[in-house]
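The sequence and the structure come next.

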Amino acid sequence: MSHQESHGSVKAYVTGFIASIVLTIIPLVLTLKHVLTGTALIVAIITMAVLQLLVQLFFFMHIRDGEKPRYNVWGLILGLFIVIVIVAGSMWIMAFNAQVA
């Protein structure tokens, strides 16, 4: 019995690699050249980070590939939910601690 796993093509890997580099350089340039400041800079950095996450998932982790069990996608969703709860809870606690002091 042979199992064939689908892997991305060289074109897909190169495209993902170039997109990753571009999404890394954009926030660096925005920060070093002082193009944006304050909240706009933070929003731009977070946006590039989310796009970077999606590029990694689709081009390198092959999340979109296959019609077989989607337990890995559900595991990813659960992991993201846990991270969001931890980060949001930490920020909420830090915000209230800052007001008390």
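A residue is called buried when its relative accessible area is under 20%, exposed when that area is over 50%, and partly exposed in between, using a 1.4 Å probe and protein chains only. By that rule alanine 12, at 15% relative accessibility, counts as buried.

The model is a predicted one, in which local features need pLDDT of at least 70 and side-chain atom pairs count only at pLDDT 80 or more, while totals for chains, interfaces and linings use all residues. Residues are numbered from 1 along each chain as its sequence is written, and side-chain values use heavy atoms, with hydrogens and water left out.

**Overall picture**

The pLDDT is the predictor's confidence in each residue, on a scale from 0 to 100. Its mean over the chain is 84, and 82% of the residues reach 70 or more. Helices (H or I, at least four residues) and strands (E, at least two) are DSSP runs, numbered from the N terminus. On this basis the chain holds three helices and zero strands, which follow one another in the pattern α-α-α.

The chain has 101 residues, of which 15% count as buried. Its accessible area, computed by the Shrake-Rupley method with a 1.4 Å probe (for residues, only the protein chains shown count as cover), comes to about 8,300 Å², and carbon and sulfur atoms supply 75% of it. Where contact means heavy atoms within 4.5 Å, residues 24 or more positions apart account for 57% of the contacts with a separation of 6 or more.

An unreviewed UniProt entry carries the annotation "transmembrane region" for residues 12–32, 38–61 and 73–95; such annotations may be inferred rather than shown by experiment, and the positions are given in the numbering used here, with feature names shortened. In the model, residues 38–61 are 96% helix and 0% strand, with end C-alpha atoms 33 Å apart. Residues 73–95 are 100% helix and 0% strand, and there the end C-alpha atoms are 33 Å apart.

Which polar side chains link serine 20 and glutamine 52 to their partners? Serine 20 lies in helix α1 and is buried, with a relative accessible area of 9%. Glutamine 52 lies in helix α2 and is also buried, at 16%. A polar contact is a pair of N or O atoms within 3.5 Å; within protein, one must be able to donate a hydrogen and the other to accept it, and residues adjacent in sequence count only if both atoms are side-chain atoms. The side chain of serine 20 makes such a contact with the side chain of glutamine 52 at 3.1 Å, and the side chain of glutamine 52 makes another with the side chain of threonine 24 at 3.0 Å. Leaving aside neighbours within four places in sequence, serine 20 is in contact with Gln52, Val55, Gln56 and Phe60, whereas glutamine 52 is in contact with Ser20, Leu23 and Thr24.

Alanine 12, in helix α1, is 47 residues from phenylalanine 59 in sequence and 6.3 Å from it in space, C-alpha to C-alpha. Lysine 11, likewise placed in helix α1, is exposed, with a relative accessible area of 66%; its C-alpha is 10.0 Å from that of phenylalanine 59, at 48 residues apart in sequence.

**Aromatic pairs**

Rings of Phe, Tyr and Trp (its six-membered ring) pair if their centres lie within 6.5 Å; planes under 30 degrees apart count as stacked, over 60 as edge-to-face and the rest as tilted. The count comes to two aromatic pairs, given in the table.

| Pair | Arrangement | Centre to centre | Angle between planes |
|---|---|---|---|
| Tyrosine 13 and phenylalanine 60 | stacked | 6.0 Å | 15 degrees |
| Tryptophan 92 and phenylalanine 96 | edge-to-face | 5.7 Å | 70 degrees |

Tyrosine 13 is partly exposed at 29% relative accessibility, and phenylalanine 60 is partly exposed at 28%.

Tryptophan 92 and phenylalanine 96, by contrast, both lie in helix α3 (residues 71–100), four residues apart, about one turn of the helix. Tryptophan 92 is exposed, with a relative accessible area of 56%, while phenylalanine 96 counts as partly exposed at 43%.
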